[in-house]
Every structure is written in structure tokens, then in C-alpha cells.
Amino acid sequence: MRVMRSSGTALRALARNKTRAVLTTLGIVIGIAAVIAMMEIGNGASMAIKDSISSMGSNSLLIFPGSTAFGGARAGAGTGVTLTADDKEAILSHCPDVARASVVVRAGGQVVYAGRNWVPNSIYGTEPSYLDVRDWTALTEGDVFTGRDIRNASKVCIIGQTVKRELFEDESPIGRDIRISNISFRVVGVLAPKGANLMGMDQDDVILAPWTTVKYRVSNKRSSSTQASSSSSSSDTVNTLSSLYPSTGEGLYPALSATQQANTPMPVRFANVDQIMVSALSGESIPRAIDQITTLLRERHRLRAGEEDDFTVRDMTELTKTLTSTSTLMTRLLLIVALISLVVGGVGIMNIMLVSVTERTREIGLRLAVGAKGRDILVQFLLEAVMLCLAGGLMGIALGRGISLVISTVLGWPTEISLPAIVMSVVVAMSVGVVFGFYPAWRASRLDPIEALRYE
């Protein structure tokens, strides 16, 4: 009952100076609003990072060939020829923490349909399981090519939304033939929209086809056509290394005999792939999957102890942790700046409460003279400070939510409501009221009634 009566007295005292009470809480309002807005923007940025990485495939691992070395100079990861489709099958069979896997063969070139042409960001030769690894199984039209298409090296493909827009506009591409590096492909499906990745590259600007088709027809066709064009252009000149005596038709080097050809056999075509994408069973099983893949590939590639791996396994979760930690660090720095404004608001409340004690000295002395105790005065002034901070905290929460919604609507930045930040803001507001209001309340409770009644 004593606390209830003190609360009523505190409210009446605050109501006598409404303008001063509102201005006093302004620092708390700004501080709490800044905390709420920064936390929601930071959480939105973290979620956007996670969504962008998950669009590349959940729990995914990328396996690249190793590097090549020429005269002691290393060309970098991915330049070697060490991965095959059999490696992918072995990973699926002998790595229990691997859920799915798919090979990838990269190509490039111009795509032509009717009178329109386009150069997509990516032309991948792959398998139907690639879409499972990338969590990209939804198609807006058509269907995915099958394992039979891979075995037969069928000239079929599925395209992304950007390729569809550039080549077909509003026309349905299903069943239409497009030409990739002068090779005809029939469109059998259209992928669902995926959006941009972390680097800003359009993931919908892609064409997927059976990896055997891309490997043996598109890539080989491009290299053979380049060689043919270079040889034809060189034959038109008079003095070249390939045609030293154009008048007689003799080449620079004599043709090899049958014995010489037997002693210098041509290398067997090696069905290597540019990349293997792997999806682990869960995020917790990624380290085990990496160990299993590393052990298996070293055994298959006959690498001795102490030799470097001729492949590279990249973990996407490390990228997630790095970017998320960076976003969290920036959010914390902004939060510290917002907390400084809370301290400034608390100092303002202490100042106003000291002024209030000075103005109401005679009132305090009168209450003490008629029997009020020091703790009653302490509780009353402490409640006034807490009520001011709590009201400022509630207004700050509303303002912070409004700022977050405006930023999300106008600027398009991702934001996400943070219930812990709201609860923390209320607790912090009450704590600021207690900490910065205690000294004025204690000073008021320690006044001498006789001296207080004499105060002018």
C-alpha cells in the first residue's frame, strides 16, 4: 500500500510539469529507439547473409581439382585434372555423412535463338542431383533432364529465368531449340527464380545440360573449332611454321610412320570434371564429411603420406561464419553508440531530478515534519525517475520499430524484429531510472525537516 500511495504521489508530481517530463525522457527515447533500430537492422542483415548462402545450397561443400605446376610455378587451385565422375560415385558410396553429390563441367559461349542472342554467366554440364544439392528443385515449366540423357549425351537443357527473358521474352521456351556454341539444344525446363548471390552475380543467368554433352560436344567443339580456324588462317599465309613450303604442300615435319605412331601413343581421353558439389547430411556433419572425402580421394588418387592433396575442399559454412561475425561486429559497434545516448539520457534525468528536489525542498520538509519517513521520500523520488525512464523506453520502442519499418519499406533493407532487444530495452530503461535517480532520491530523503521548512 505504501508503494501504491508513493506511485500516486509520484504521478501527480510529474503531471504538474508535463513539458519538462517529456523533454527529460527525450534522451531515453532516442537511446532506446537507436538500440531497437540497430538490433533489427543487424538481425535483418544476418538473415539476408544466411539466406544468400543457403541459396547456394544448404550444408554444401565444393571440391575443386588441385593446382598444376610448370617449371616450379603453380597455376592455382582448379587448374589440375584430378577429379572424375567416378570420384563422385565413390564419395556417395563410401562417405556416410554425404547426402547428395553432383559433378559440374563449366563451359561458356553465345546462346542463339531465332534473331536473339545472349551470353549467359554460366553454362554448366551437370546431373539432376545438382538441383537437389543447390536446393533448387522447383521449376516453373517443364522438367529436368534424366540419367538416360547423361548416358546418351543428349542435347537437352534447362534454363534460368534471365536466359528465358533475354531469348524468349513472353514466349514459352519448352520444346524450342537453342544453339550453344553452334550446338543445338532443346529446352526441356525452366528453373524457378533464385536471385543474386553474395557477390551480386545473377544466379538465374544459367543454362544446365547433361555433363557428358557439355564435356564432349560443347567444350570439345569449341576447342576444335578454334584449332580449325587457326590452322585455316595460317594456311592462307605464305610463310608459317605449319606450312614452310606452300608451293610443294610439304609440312614442316614429316608424317609419322606406323612404327613411330606405335612408339608415341596419344593419351586416352580423360573424363575429368571441373568441380564436384556435395551436400552433407546436416551442418553438424560437415567436418566429418570433409574428413571422409579427404581420406577417400587421397586413397583413390594414390597420394603418399606427406604429399599435398591434389584437390581442394571448400566449406561454405566458413563463409557464413565470417560474414555473420562481421555483421554482428558492426551491429555491436552501433549498439555501443546507442548505449552512449542512453547514458546521456540518464545523466539528464539525474540533473532534472536534482532540480526537482531543490524546487520541492519545502514540500519535502513539510512531509517529514508531519511524520513521513526518509524511505518514503526515497521511494517517491525513485519511482518518479523510474516512471520517466519507463515511459521513455516504451516511446523509444515504438519509435525504433517505426524507424525499422520505414527503412525496410523505403530503402528496401532487410530488417527483423528482435524480441530480446525489446525486453532488454525495458530492463535497461528501468535500470537507468534506478541508477541515475537514486542519488537525487537519497539526497531528498536525507534533508533536515527544520532546514527544509526554512528554505526559500
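**Ground rules**

I number residues from 1 along each chain as its sequence is written. The model is predicted, so local features need pLDDT of at least 70 and side-chain atom pairs count only at pLDDT 80 or more, while totals for chains, interfaces and linings use all residues; side-chain values use heavy atoms, with hydrogens and water left out.

**Overall**

I looked up the secondary structure and found 14 helices and 14 strands. Both are DSSP runs numbered from the N terminus: helices are H or I with at least four residues, strands are E with at least two. The protein has 456 residues, and 41% of them count as buried. Buried means under 20% relative accessible area, exposed over 50%, partly exposed in between (1.4 Å probe, protein chains only). I then checked contacts (heavy atoms within 4.5 Å). Of those between residues at least 6 apart in sequence, 77% join residues at least 24 apart. The accessible surface is about 24600 Å², by the Shrake-Rupley method with a 1.4 Å probe. Carbon and sulfur atoms hold 60% of that surface.

**H3 against H9**

I turned to helix H3 (residues 85–94) and helix H9 (residues 286–300). Their axes come within 10 Å and cross at roughly 135 degrees. Axes here are lines fitted to C-alpha atoms, for helices over the stretch in contact, and angles run from 0 to 180 degrees between N-to-C directions. H3 and H9 are therefore oblique to each other. On this scale, under 35 degrees is roughly parallel, over 145 roughly antiparallel, 65 to 115 roughly perpendicular, and the rest oblique.

I listed the contact residues. H3 brings Asp 86, Asp 87, Ala 90, Ile 91 and His 94. H9 answers with Ile 293, Leu 296, Leu 297 and Arg 300. They divide into five nonpolar, one polar and three charged. Nonpolar covers Ala, Val, Leu, Ile, Met, Phe, Trp, Tyr, Cys and Pro; charged covers Asp, Glu, Lys and Arg; the others, Gly among them, are polar.

**Asp 205**

I found Asp 205 in the loop between strand E11 (183–191) and strand E12 (206–210). Leaving aside neighbours within four places in sequence, its contacts include Trp 118, Asn 121 and Thr 162. Its C-alpha atom is 9.8 Å from that of Pro 193, 12 residues apart along the chain.

**Gly 400**

Gly 400 sits in helix H12 (residues 374–411). Beyond neighbours within four places in sequence, Gly 400 is in contact with Ala 33, Ile 36 and Ala 37. I also noted Met 39: 361 residues apart along the chain from Gly 400, with 9.6 Å between the C-alpha atoms.
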